[in-house]
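Please read these points with the coordinates open.

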Amino acid sequence: MNLSEFFITFPEMSKESLRIFKKSIDGAYRNFSREYGDTIEAVFDPVLYFLVWFEKLLQTSPWPLVILVILILVYLGSRSINLTIGSLFALLLIGYFGMWEDTMSTVSIIGVCTFMSIGLGIPIGIAMSNSDRARAAITPILDVMQTMPSFVYLIPVVMLLGIGKIPGLLAVIIYAIPPIIRLTDLGIREVDKEVLEAADAFGANKRQKLFRVQLPLALPTIFAGINQTIMMALAMVVIASMIGVKGLGQPVLKAITNQYFTMGLLNGLAIVALAIIFDRVSQSFGKRLQQHRSGSRE
Amino acid sequence: MSKDELLTKYNHVLGLDDINLNVAEQSIQVVMGLSGSGKSTLIRHINRLIEPTEGSVLVDDQDITKLNKSELLEFRRNRTGMVFQRFALFPHHNIIDNVKFGLSIKNIDKAESNEKAMFWIDKVGLNGFEYKFPNQLSGGMQQRVGLARALATDPDILLMDEAFSALDPLIRTDMQDQLLELQKNLRKTIMFITHDLDEALKLGDRISILNGGKLVQDGTAEAILLSPADEYVKNFVKDVNRAKVLKIKSIMNFSGVQNNSDISVKVEDNIESCLPKILESEHELNVFDNNNKFVGSISRNNVADILKN
């Protein structure tokens with residue numbers, strides 16, 4: 001082999017050893033999932049039960065009641081009559097065009113994903129803000145979670161847990177949880193050092209500082225994270241439908257494979273409508289949380 | 001080893017060097033110096049917001065530097081209150097909750113802490129503002145909240161870190177007067193940090209001057225003005241209006257003989273307020289003490305000596 005050839009073709013690993021390399025990892029993982037798949041599935045059972053129960057609740061309750069509850073939540077969150085009326089029309093149209101059941105499935109999985117993301121993400125964000133070492137360790141993981149194409153991590157999840165709601169839920173959470181972790185960390189780190197010093201000077205311990213000063217002051221930023229998390233969860237609906245999650249994603253998928261333009265458009269618009277409602281409500285709620293910042297001088 | 005050597009060789013900044021300072025109970029001890037002199041570092045050693053590398057801080061014979069974590073929290077909760085240069089109020093709490101902060105940290109019940117907070121809000125003249133948020137108040141009012149917050153836990157030590165430096169001159173004077181007025185009844189041990197010599201002279205029972213982390217002089221306002229310890233202090237006090245700070249007793253003539261003039265001044269009067277009397281009179285003036293007993297005399301020449309400098 002002469003020198004010029006060396007520079008033109010990359011000195012790659014031999015095909016044989018690459019094959020063995022891939023095969024051994026795949027094999028090891030397959031063995032792992034055969035061995036522990038059931039156990040891990042059992043761990044997620046409570047989540048699955050809750051998810052199924054919540055979906056059934058939304059689908060089987062009388063639709064006017066469901067709409068009423070949603071509208072009350074919209075109003076309490078946003079305190080906006082316009083948004084409430086807009087939501088009413090959007091929901092009525094969704095129902096009229098025959099997408100009520102799918103929409104309720106989507107709302108249930110998005111809701112559960114959001115709550116799990118908040119429940120996991122805020123403590124992780126707090127831990128990150130507490131130590132630079134934790135931050136250095138977690139940040140690259142978050143980067144991977146956000147940039148790795150979802151299909152890639154769907155493979156091991158499906159291998160481990162099969163097709164269904166739980167793998168879908170995991171995929172959505174992996175994709176949607178980074179913003180809330182990052183913004184919790186950022187929000188806490190952004191709290192004014194002097195205010196923290198004041199809390200210290202009055203003898204506040206770590207817990208008191210966290211719950212009375214850091215978290216309340218970080219709340220608007222954390223809420224921006226929750227908003228992002230909801231939006232990203234909605235964006236995953238179609239991909240999640242590929243591994244068997246019911247909802248508005250499935251008709252979209254069907255529309256893509258069969259070229260049903262109108263079907264795709266209607267379901268797509270329903271997702272947009274949900275996104276707008278979630279976004280406006282969570283944003284205006286977040287804004288009200290920081291009223292003390294903009295309070296006018298009198 | 002010099003300060004520069006420490007920085008270049010070990011990448012450490014010298015904060016404070018060999019400071020020995022006794023603060024008398026129930027007095028106002030002013031620590032003054034320019035930025036970088038270590039005065040804010042010094043005050044933070046007292047409640048250990050900054051840990052000293054060496055040395056001890058004694059409060060009633062108890063070494064603060066030896067307290068463990070929970071003892072330190074107790075010390076901060078019960079013994080000290082702190083007021084900050086840029087107020088450092090909690091922006092998400094209204095005024096009454098800000099004032100209550102130290103009390104709520106101690107888990108004092110709501111009714112009692114409300115009552116105490118209202119008492120101090122009233123004391124600093126912020127009645128009617130209890131439910132406003134800090135950013136709805138002016139700077140001076142915010143610092144009143146800061147003062148009330150520090151006093152609410154009834155600490156015996158008050159740490160004031162450039163507390164009035166961020167305020168407009170007029171408001172600053174106001175706050176200084178208010179602090180002196182409060183101190184008459186409270187008799188707290190106050191450590192007051194400032195870079196403003198006039199403020200130091202006005203407030204301090206004793207004044208310590210820091211330069212580059214070293215204590216250059218510690219004494220009463222009078223001692224600092226009349227016998228500055230070195231060139232640095234001398235330069236510092238050069239432009240001060242002595243007549244405003246000094247009292248008759250520091251320039252009067254104790255050996256004088258009483259004359260029959262009916263114009264007189266008191267030993268505790270400050271010179272400025274007596275200037276017209278002294279300058280208009282051809283003779284020496286009689287000086288009386290607080291019991292109207294003759295103690296000496298004062299003349300134009302005494303005043304001229306001190307003013308020309």
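1. A polar contact here is a pair of N or O atoms within 3.5 Å; within protein, one must be able to donate a hydrogen and the other to accept it, and residues adjacent in sequence count only if both atoms are side-chain atoms. By that rule, eight residue pairs are in polar contact across the interface of chain A and chain B, both residues at pLDDT 80 or more.

2. On conventions: this is a predicted model, in which local features need pLDDT of at least 70 and side-chain atom pairs count only at pLDDT 80 or more, while totals for chains, interfaces and linings use all residues. Residues are numbered from 1 along each chain as its sequence is written, chains are lettered from A and ligands numbered from 1 in the order in which they are written, and side-chain values use heavy atoms, with hydrogens and water left out.

3. How many residues does each chain bring to the contact? Chain A gives 23 residues and chain B gives 29 residues, where contact means heavy atoms within 4.5 Å. The size of an interface is often given as the accessible area lost when the parts come together. Here chain A and chain B bury about 2,300 Å² between them, with 56% of it on carbon and sulfur atoms; buried area is the accessible area (1.4 Å probe) that two parts lose on being put together, summed over both.

4. Two salt bridges are counted between chain A and chain B, a salt bridge being a side-chain nitrogen of Lys or Arg within 4 Å of a carboxyl oxygen of Asp or Glu. Glu197(A) and Arg44(B) form a salt bridge through their side chains, at 2.5 Å from N to O. On the side of chain A that touches chain B, at least two residues each come from α9 (193–201), α10 (206–235) and α14 (291–294) of chain A. Helices (H or I, at least four residues) and strands (E, at least two) are DSSP runs, numbered from the N terminus. The largest share of that side, seven residues, is supplied by α9(A). By class, the side of chain A that touches chain B holds nine nonpolar, seven polar and seven charged residues. Ala, Val, Leu, Ile, Met, Phe, Trp, Tyr, Cys and Pro count as nonpolar, Asp, Glu, Lys and Arg as charged, and the others, Gly among them, as polar.

5. Is Asp279(A) buried or exposed? Asp279(A) is buried, at a relative accessible area of 10%; buried means under 20% relative accessible area, exposed over 50%, partly exposed in between (1.4 Å probe, protein chains only). Asp279(A) sits in helix α13 (residues 261–289) of chain A. Its side chain makes a polar contact with the side chain of Arg280(A) at 2.6 Å. Apart from neighbours within four places in sequence, Asp279(A) is in contact with Asn227(A) and Met231(A).

6. Over all chains the salt bridge count is 28. One of them joins the side chains of Glu16(A) and Arg19(A) at 3.1 Å, N to O. Both residues lie in helix α2 (residues 15–60) of chain A, three residues apart, about one turn of the helix. Glu16(A) is partly exposed at 45%, and Arg19(A) is partly exposed at 44%.

7. Lys209(A) and Asp200(A) also meet in a salt bridge, at 3.1 Å from N to O. Lys209(A) counts as buried, at 17% relative accessibility.
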